[in-house]
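Biologist: Could you put the model up, so that we can go through the sheet and the helices around it?

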Amino acid sequence: MRKLFYMGLESYEARYTLQLQDWNERVFQRRGIDYEVITGEELDNSKAIVTGSVLDAHGRSYYSLSQTMSLVQKMKNGEITSDDVIFYEDMFTPGLECLPYIMDQSPPEYRPKVYLRFLAQTTDPDDFLIREGMFSWMRKYEEMVDEFVDGIIVASEEFVAHLRIAGIKCPIYVSGLPYGKEEVKERVPEVKTLITRAKRVGFAARWDDEKQPHFYMDLAEAYYKIDPTVEFAIFCGHPELKSNDPEYVERALQLQGGERNDGWPERKANFKIYTGLKKNDYYNLLADSRVLFNCALQDWVSNTVSEADTMGTLTLYPAYRSFPEVFANNGSHMYVPWSICDAIQKLQKMFESIDNNDLSMYNIGKISDYQNGTIDRTIDILEGNGAEWLRDDWSFRRHVAKAKYE
């Protein structure tokens, strides 16, 4: 690879994209990569998601199209050759389709290799675009991209199967989810020991249907009967709690206020909503919480795991999809999906372990260490040294149960 042209995502205060380019550049520079970040123009400077739930629909489109314009100019100038690599952080990048259009009409020496990261989309039945009715045209977009890229990079072994049964044919590599542990640690230089932290359980996923907010609120109500001193919190980067279903917001506000739907006052949970959190606010809350809880249908690896683990916060997630892989099959970090009873038992065990100062059964630090190596593995793949991470034949299922670390 002579030079890497990096096609990143626009930054949002409420999303990990705020830090993603920095995480990548630190590794590029450490490894001495000759690279260039191709940026786009932003619609405004709000760094807010207004239309949509994951990335802003207008902002994503505007940024990607202007980003592609800059890339095309460099291709036209002959600055990008067959010895170079173009890497996209997301499969859906408006304007990407111009690459095969240009390269199929260009001499071979001006046809760079193209790789991209595939995070979810139509191969995930719980992805937001399925909910929004985009499947029929987005699947065709994915099939088009599959015809010309040199490789697709995914975060987990389990996701490979979803791509293969969707008909994706090009080489697929498993890298992990990009993360920059040192950058995150720099934001909270002193982390409290678990026993000195607030008795708080946090929830850091979006408050949308695919994250199962009702399950978390059911857990909060059930645990209140066991230990009413434990706070169940929502960590939210938006100015106010938002959801694709207003019912989730209404119930959360009622739980925080201690009122039932019928208006009769009743304390049903120790529940608190933290809104308008900047990254450092969120990290400081995380570093003063004992457990981060997840009950999502839609996550595969999730940066929330790595962030919590970096802060030494215990993580409790469902044994679903890629989470067994994320936790190296450590059952102490996982509960039976949809089982409130099992989630309560695992949560009680975590609080007991903290009180007894016996955390030996948890993978604290190892989880984030592995994901922290994702960008290095990605570079290996882009440089043509990623055979270890290639899942190109039908034996790919053999890798699912293997622990990524000890």
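**The sheet and its helices**

Modeller: The 6 strands form an open sheet in the order S9-S8-S7-S10-S11-S12, with parallel pairing, where two strands pair if DSSP finds at least two bridges between them, and strands (E, at least two residues) and helices (H or I, at least four) are DSSP runs numbered from the N terminus. This is a predicted model in which local features need pLDDT of at least 70 and side-chain atom pairs count only at pLDDT 80 or more, while totals for chains, interfaces and linings use all residues. Residues are numbered from 1 along each chain as its sequence is written, and side-chain values use heavy atoms, with hydrogens and water left out.

Biologist: Switching to helices, how do the axes of H8 and H9 cross?

Modeller: The axes of H8 (residues 213–224) and H9 (residues 246–257), which are lines fitted to C-alpha atoms over the stretch in contact, with angles running from 0 to 180 degrees between N-to-C directions, come within 10 Å and cross at roughly 20°. That makes H8 roughly parallel to H9, a label for angles under 35 degrees.

Biologist: Which residues in H8 meet H9?

Modeller: Pro213, His214, Met217, Asp218 and Glu221 in H8 meet Glu247, Tyr248, Arg251, Ala252 and Leu255 in H9, where contact means heavy atoms within 4.5 Å.

Technical notes:
Angles under 35 degrees count as roughly parallel, over 145 as roughly antiparallel, 65 to 115 as roughly perpendicular and the rest as oblique.
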